[in-house]
There are 2 protein chains.
Amino acid sequence: MEAQNTAQPHVIIIGAGFGGLEAAKHLGNKPVRVTVIDRTNYHLFQPLLYQVATAALSPADIAAPVRAILGKYQNIEVLLGDVKSVDVAARRVHTTEKEIAYDYLIIATGARHSYFGHDEWEKLAPGLKSLEDAIEIRRRILLAFEFAEKTSDEKERAAAMTFVVIGGGPTGVEMAGAIAEIARETLAKDFRHIDPEKSRVILIEGEKRVLAGFPEDLSASAQKQLEQLRVEVRLGVHAENLTENGLEVAGEFIPCRVKIWAAGNMASPVGKTLGVPVDRAGRIVVQDDLTIPGHPEVQVIGDLANFTSPKNGKPLPGVSAVAIQQGRHAAHNIQHMIDGDKPQRFSYWDKGSMATIGRNKAVADLNFVHFSGFPAWLAWLFIHVLYLVGFRNRIAVLFQWGWAYLTFNKGARLITRNFQAEQRSLG
Amino acid sequence: MEAQNTAQPHVIIIGAGFGGLEAAKHLGNKPVRVTVIDRTNYHLFQPLLYQVATAALSPADIAAPVRAILGKYQNIEVLLGDVKSVDVAARRVHTTEKEIAYDYLIIATGARHSYFGHDEWEKLAPGLKSLEDAIEIRRRILLAFEFAEKTSDEKERAAAMTFVVIGGGPTGVEMAGAIAEIARETLAKDFRHIDPEKSRVILIEGEKRVLAGFPEDLSASAQKQLEQLRVEVRLGVHAENLTENGLEVAGEFIPCRVKIWAAGNMASPVGKTLGVPVDRAGRIVVQDDLTIPGHPEVQVIGDLANFTSPKNGKPLPGVSAVAIQQGRHAAHNIQHMIDGDKPQRFSYWDKGSMATIGRNKAVADLNFVHFSGFPAWLAWLFIHVLYLVGFRNRIAVLFQWGWAYLTFNKGARLITRNFQAEQRSLG
């Protein structure tokens, strides 16, 4: 507990994801007052969220309290709050509870999934952005097997054992691979009336290849690795007419209970309150220094920003590496402005990208070299453990992975309900 | 996946707590068909639930999938289901979904908290029986500190930093100690506007001493250890007039946001459907062989059973040791009956009891010797790790405890909401 120096400029950072947290760290113990506002009390290591959804890790393994991460910086204050809008002219942030004035603002509120106008599909096919999403998906997957074990209707059983993942980007590929693994290995001996190995996992992708953001050879390799896990990959087709009982793909109705959405993103709604141009996905079109036109004191970073890459004229991808580099840059820009200088041009150093498919299965694009399978998987493992925030989590995750690797067992197979539902069931 | 031999007698075990699981293991690979029915898909290690409620452990650390524990016994089938009633005459169990016939039945559905006719208090002061309860209590405790940090109203802040635990049995003592520790140590440096060390933790007990089931010297020692953690222990008083803003104790209104119920138990409602006498707490009064009158094929064990101890004429306490020994005995009784013998008289071997208060703080009653403080705490640690079901959990818990002990840090400080609430908040 320390008082802040109110004579110093006040920086507000909205969002404690990869970008916001990196910006905060770089402003830690600098001559500014910083307020970090987030809707949750933890930083989420989103790249491993699919492992919570498939029962390999616990929520606390991939989430670290924001206060614990930033507690050592006396000039940083953390506020649990929901930002509704930003008044750029008055330099004020409006949360559901109060208004807070800023001198400099970094907006890093990220994105959620987009259902392309079909918001009613969210309940039928949850996406994977939050811990709550992951726990819900885990619940649905495990309950589907429980239902299949209980029912004596062959059609219902087949539908319960069919899992459809919509979207063949990194999240979709990871989810499809992980569901196939849990069915073929972890649950193989758990049931008496069904054989989880016979589950169908179907991955639907509108493009002509999975991992469309990757080089073509790696897309082909990822598809091959998915097929080794007996995932049915359907390319160039779209999900239509979702219901509780299934969905339609290329005119065919696929009966299935569990559908998972990994098909599209929509930027956080806060962006639209700034009054500056946004793109089709709701992202704010930022200038080459990350600021918005006419307001050098406002910077937008991470998944909320549309930053045109000078290399190919396309927006930078929504990955953690972009957010982290932009967070650091935004913090430096603020120091420049305080010193009377202009904000500097941002440039992204692309170190490559990776996606994992399963045990010993992955693809890695390090720009100068592409690789697949076991070496790519090892590299993926190494990078992800390295970047996991907080020493404890790194060890805990390594331990759980080691255990799962040796035993094919996943420890977090809990079907939990919410407190209200629990109360109701007490009657 | 293996078919069961339908010519063998069918044993149904309701409840996969300590008693039900022990009975199932002892019937594993024996010439009977066994069906274990539970409302959740996991066995919960309840003695450590308070550690989930106070952010020291993750749900998956103290819960193991029932299927994973019993999967190796080919004659055991696991059913996720909610038992509504038992038709003792027709020998059928009714779940919400179907009816199942049995030859032998073991009922081990345990207990929930009782609000002594004030069911409306459950929302105000949740008890601690399920993982959902624990996650909800964790959420409330952490949110109270977040609220205190944000508010500028001194009275509201004081109320948010006052935690009242109602009931001074083992659960109440553990919760009060753990909340005091999280406030004084874990959260000490996390906030800017409040000093969590200044939180008040109040423990209310109707009897004249805490841990009334323990010898008097240990009650006194437990109280002293609680007071070392600056827990305010109020004896011989009752909680009255609970509201969202506080509660009344001995005529005084104590403003407080977070109230936790650890005051009483009520047996699971299934017991009342048997048509045999139950005691005031809803427990079934069983015969000295654990069966119910007139139905040797029906045995009741664990917290649901009122088994009169021949030593003192009182019912055996609702602790895991009783449930485990009764579970084993019930399994043996079934084997006797199949062999044409009568069920045997049960006798409880009381090895003693323990309660923990905090880091280095506990009491242990091993009958021939009583001890307190660090040695009792070490003994508690040893026993609890030893009994934790599943090798993985044992290691994971040991690791988390070691980490917490060395760093005073608790890793699972997550405020999670439920999926529906998450969806609503997206607007």
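**Questions about a predicted model**

Me: Why is A:Arg230 called partly exposed?
Reply: A:Arg230 has a relative accessible area of 47%. Buried means under 20%, exposed over 50%, and partly exposed in between (1.4 Å probe, protein chains only), so 47% puts A:Arg230 in the middle class. This is a predicted model, where local features need pLDDT of at least 70, side-chain atom pairs count only at pLDDT 80 or more, and totals for chains, interfaces and linings use all residues. Residues are numbered from 1 along each chain as its sequence is written, chains are lettered from A and ligands numbered from 1 in the order in which they are written, and side-chain values use heavy atoms, with hydrogens and water left out.

Me: What makes A:Glu197 and A:Arg230 a salt bridge?
Reply: A salt bridge is a side-chain nitrogen of Lys or Arg within 4 Å of a carboxyl oxygen of Asp or Glu. For A:Glu197 and A:Arg230 the N to O distance is 3.8 Å, and their side chains meet in a salt bridge. The two sit 33 residues apart, A:Glu197 in the loop between helix H7 (170–186) and strand S12 (200–205) of chain A, and A:Arg230 in the loop between helix H8 (216–228) and strand S13 (231–235) of chain A. Helices (H or I, at least four residues) and strands (E, at least two) are DSSP runs, numbered from the N terminus. A:Glu197, at 33% relative accessibility, is partly exposed.

Me: What about A:Arg139 and A:Glu136: what makes them a salt bridge?
Reply: Their closest N and O atoms are 3.2 Å apart, and the limit is 4 Å. They are three residues apart in helix H5 (residues 131–150) of chain A, so about one helical turn separates them. A:Glu136 is buried at 7%, whereas A:Arg139 is partly exposed at 21%.

Me: How do you know which class B:Arg345 belongs to, buried or exposed?
Reply: B:Arg345 has a relative accessible area of 63%, so it is exposed. Its side chain meets that of B:Asp288 in a salt bridge at 3.1 Å, N to O.

Me: How do you know how many disulfides there are?
Reply: A disulfide is a pair of cysteine sulfur atoms within 2.5 Å. Over all chains, the structure holds zero. As for individual cysteines, A:Cys256 is buried at 1% and B:Cys256 is buried at 0%.

Me: Why are strand S1 (residues 10–14) and strand S9 (residues 104–107) of chain A said to pair?
Reply: Two strands pair if DSSP finds at least two bridges between them. S1(A) and S9(A) have four, in the parallel sense. Here A:Ile13 stands opposite A:Ile106, and A:Ile14 opposite A:Ile107. S9(A) also runs parallel to strand S21 (residues 295–300) of chain A, with three bridges.

Me: What makes both faces of S9(A) covered?
Reply: A:Tyr104 and A:Ile106 on one side, and A:Leu105 and A:Ile107 on the other, are all buried. In a regular strand the side chains alternate between the two faces of the sheet.
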